[in-house]
Amino acid sequence: MPTYCNRPFDTLLIDNNADCYICECEAWLPTKIGNCDHESIDEILKSPLIEKIQQTIIDQSYSLCDLKNCMIYHTLRPSTAIPISKIKKVVINIDRSCNLACPSCRKNQFIIKDESLLKNKIKVADQIIKFINGQSNLELRIGGDGDIFASQVYRYLLQKIEDKQHRIVLQTNGLLLHKSSKIIEKISSMLDRICISFDANSQQTYRKVRFPGDWNILQKNVQWLIDNFPDIKRQADFVVQQKNYLELIDFIKDKSQTFDVINLQKITDWGTFDNFKPEAVWLDDHPEYNQFVDVITQAKKFPKVLINNLEPYVDKKA
């Protein structure tokens, strides 16, 4: 029976360059359909490329997709129903500004300070706002490329979104949660879920993988969120790599008590490491591969855990 991925039919992503894709991640389906710095989103969604991409899902070739790293493909269930082409989710990754310099993502901290660049980013944000405020009942996932609360652009965008029964999902490192209470309060009627990146279960490891973050501040902010917005769903994110995988099971046990979902994915090579291979503990020639498989196999057994693109490694010792 075929397995149809819905993303190229119902998802629009806008990246840091204002390039548009019909997937949750431009690396998983790296075919650009337009750029909203030059065209309106309505015009972009008329691109003939969209039908071409969708056809690769219908014919089951997935020829334009990176299936090895995709977090969605390995979780698809068989279905005979071909998805309907209608945008239901908008992923907004337009500003890399962040208060951290995680080695898995970047080599240096980056905050937009150049006025001309900021002006252009606001222009792109206005394009996005015009589109989503003209729709209703969209899922809006915001901030996968930086930190929403460290970004002037994202703060501007969040304050401009009208409540049209949209459901907002925020991605954050959590270190500025408490300081951003006014924004959270403003969008709370639309705020469906907050995804917080941990990638560690100790201060020592956190400083290595989420530099220069403070583990204790993160814990205080998470508790503040639980105490003040208990009805907002919470997702704990963990990017599995050599530096942290041995803390994963303790992390799951701890966060299962206060989080609705624990979301795992393997580390991706974004070109930020001088030598990526030692970090990729999921490679079958890595000296710790079998130990990693044991950990992932155990992790899958916990009810709140999504293992996504780590699924192929369950019970697959070298």
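Guide: Start with Asp 315, which counts as exposed at 60% relative accessibility. The model is predicted.

Visitor: Where is Asp 315 placed?

Guide: Asp 315 sits in the segment after β10 (305-306).

Visitor: What is its phi, given that Asp 315 is not a glycine?

Guide: Most residues other than glycine have a negative phi. Asp 315 has a positive phi of about 60°.

Visitor: Now Asp 199. Is Asp 199 buried or exposed?

Guide: The cut-off for buried is under 20% relative accessible area. Asp 199 has 2%, so it is buried. Its phi is positive too, about 60°, and Asp 199 is not a glycine. Asp 199 lies in the loop between β7 (191-197) and α7.

Visitor: Next, peptide bonds. Which residues does the cis peptide bond join?

Guide: Most peptide bonds are trans. Here a cis bond links Phe 211 to Pro 212, with omega about -5°. Look for Pro 212 in the loop between α7 (203-209) and α8 (215-228).

Visitor: How many residues does the largest nonpolar core have?

Guide: Nonpolar side chains tend to be buried together in soluble globular proteins. In this model the largest nonpolar core has 104 residues. Ile 94, Ile 142, Leu 248 and Phe 292 have the most contacts inside it. Helix α4 (residues 115-133) gives the most to this core, eight residues.

Visitor: What is Phe 292 in contact with, leaving aside neighbours within four places in sequence?

Guide: Beyond those neighbours, Phe 292 contacts Val 240, Tyr 245, Val 281, Trp 282, Leu 310 and Tyr 313.

Methods
Residues are numbered from 1 along each chain as its sequence is written. This is a predicted model: local features need pLDDT of at least 70, side-chain atom pairs count only at pLDDT 80 or more; totals for chains, interfaces and linings use all residues. Side-chain values use heavy atoms; hydrogens and water are left out. A nonpolar core is a set of buried Ala, Val, Leu, Ile, Met, Phe, Trp, Tyr and Cys residues joined through side-chain atoms within 4.5 Å. Buried means under 20% relative accessible area, exposed over 50%, partly exposed in between (1.4 Å probe, protein chains only). Helices (H or I, at least four residues) and strands (E, at least two) are DSSP runs, numbered from the N terminus. Contact means heavy atoms within 4.5 Å.
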